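Here is a friendly briefing for anyone meeting this structure for the first time. Please keep the 3D view open as you read.

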Amino acid sequence: MTARILRPTILIVLGLIWLAPVYLLLVNASKDPAQYAADQVWRPIGDFALFDNMREAWEIGGLGDAVTSTLIYSVVGPGLAVLFGAAIGFGIVALRLRHGFFWFVLVFGGTVFPLQMILMPLFVGYVEAGVYDTRIGMIAVYTAITVPFAALVMRNFLGGIAHSVFEAAVMDGASTWRIFWRIYLPMSLPALVAVFILQATFVWNDLLLGLALSQSNDVRPLMTAAAALQDTYGGLQLTAVLAGGLLVSLPTVVLFLSTQRIFSRGLNLGQF
């Protein structure tokens, strides 16, 4: 009886603690700048000014170009990564590539090192290659860093498809490319979508690579532009900065809420 009462109580308390920063963000982003005070951050809203603050952050912060760039990065980079990851998984599982586990470890080994360790050589290499502060350069780095996780998930997912499917297709005269494109990719669609959602969210929320590899308004990612709201645009009120942070976070929340079912299916590895 005690455990039945204690467990929900602990969960409710932990939930309230987790929601406290969300409450602070929503309340203070919705306040009129004249009502904001550092010692009154917990006070509820007086005049609702959320949309005015968002408009100010969008116009003064110049978030429009950053949204366009980030949308490109979040679609193209993870999109290429899931295709490369599926091809790696297909080669290891279906084609039974010689020393397949070694090649998989080689690909996935890139995630062993913290990203901060490679920022300086990456920056130098980008400058020397002439792709620093370019959209092509940002797409390339976002694709490269999202391929290992995509390869991991797709290798595990495709490993759950019976090899007899590949053998039957070969007996029917299908080429390797046709088998991959017309059979394995459609069968792995839930996993492809799940990986794409995860990696698109990562790219959308990235700050570190954007700071290191871009500086122009039409190239830098959205989170980099949002982080510059308070520093670069000194006249911007904190309420507008918070509203801008809320604004740039909404797309990923909507993405997860609208794709929950297919996301859960995609992470159910080895379902075949």
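A200 touches S74 and P78, leaving aside residues up to four places away in sequence; touching, or contact, means heavy atoms within 4.5 Å. A200 is found in helix 9, which covers residues 189-204. This is a predicted model, in which local features need pLDDT of at least 70 and side-chain atom pairs count only at pLDDT 80 or more, while totals for chains, interfaces and linings use all residues. Residues are numbered from 1 along each chain as its sequence is written, and side-chain values use heavy atoms, with hydrogens and water left out.

**More on A200**

- Is A200 buried or exposed? A200 counts as buried because its relative accessibility is 9%; buried means under 20% relative accessible area, exposed over 50%, and partly exposed in between (1.4 Å probe, protein chains only).
- A200 and V22 are 178 residues apart in sequence, and their C-alpha atoms are 22 Å apart in space.

**The overall picture**

- The protein has 13 helices and zero strands, where helices (H or I, at least four residues) and strands (E, at least two) are DSSP runs numbered from the N terminus.
- Read from the N terminus on, the elements run α-α-α-α-α-α-α-α-α-α-α-α-α.
- Taken along the principal axes, the C-alpha atoms fill a box of roughly 75 × 65 × 30 Å.
- Of the 272 residues of the protein, 36% count as buried.
- Among contacts with a separation of 6 or more, 74% come from residues 24 or more positions apart.

**The surface**

- The accessible surface of the protein comes to about 15200 Å², and 68% of that belongs to carbon and sulfur atoms; accessible areas come from the Shrake-Rupley method with a 1.4 Å probe, and for residues, only the protein chains shown count as cover.
- Which residues form a nonpolar patch on the surface? L6, I10, V13, L14 and I17 do, with about 460 Å² of accessible area together.
- Patches are made of residues with over 30% relative accessible area and no salt bridge, joining like charges within 9 Å and nonpolar side chains (Val, Leu, Ile, Met, Phe, Trp, Tyr) within 5 Å.
- L6, one of the patch residues, has its place in helix 1 (residues 2-29). L6 counts as partly exposed because its relative accessibility is 48%.

**Charges and the salt bridge**

- The protein has 14 positive and 14 negative charges, and their mean positions are 19 Å apart.
- Lys and Arg count as positive and Asp and Glu as negative, while His and the chain ends are not counted; the place of a charge is taken as NZ of Lys, CZ of Arg, CG of Asp or CD of Glu.
- How many salt bridges does the structure hold? The structure holds one, a salt bridge being a side-chain nitrogen of Lys or Arg within 4 Å of a carboxyl oxygen of Asp or Glu.
- The side chains of R55 and D52 meet in a salt bridge, at 2.9 Å from N to O.
- R55 and D52 are three residues apart in helix 2 (residues 50-61), so they are separated by about one helical turn.
- R55 counts as partly exposed at 44% relative accessibility, and D52 counts as partly exposed at 45%.

**Two loop residues to look up**

- D133 sits in the loop between helix 5 (115-129) and helix 6 (135-158), and D133 counts as buried at 15% relative accessibility.
- D133 has a positive phi of about 60° although it is not a glycine. Most residues other than glycine have a negative phi.
- R220 lies in the loop between helix 10 (208-213) and helix 11 (222-232), and R220 is buried, with a relative accessible area of 9%.
- R220 and R155 are 65 residues apart along the chain, and their C-alpha atoms are separated by 33 Å.

**Two helix residues to look up**

- N156 is found in helix 6, where N156 is partly exposed with a relative accessible area of 32%.
- From C-alpha to C-alpha, N156 and L242 are 40 Å apart in space, and they are 86 residues apart in sequence.
- S249 lies in helix 12 (residues 238-258), and S249 is partly exposed because its relative accessible area is 30%.
- S249 and V127 are 122 residues apart along the chain, with 30 Å separating their C-alpha atoms.
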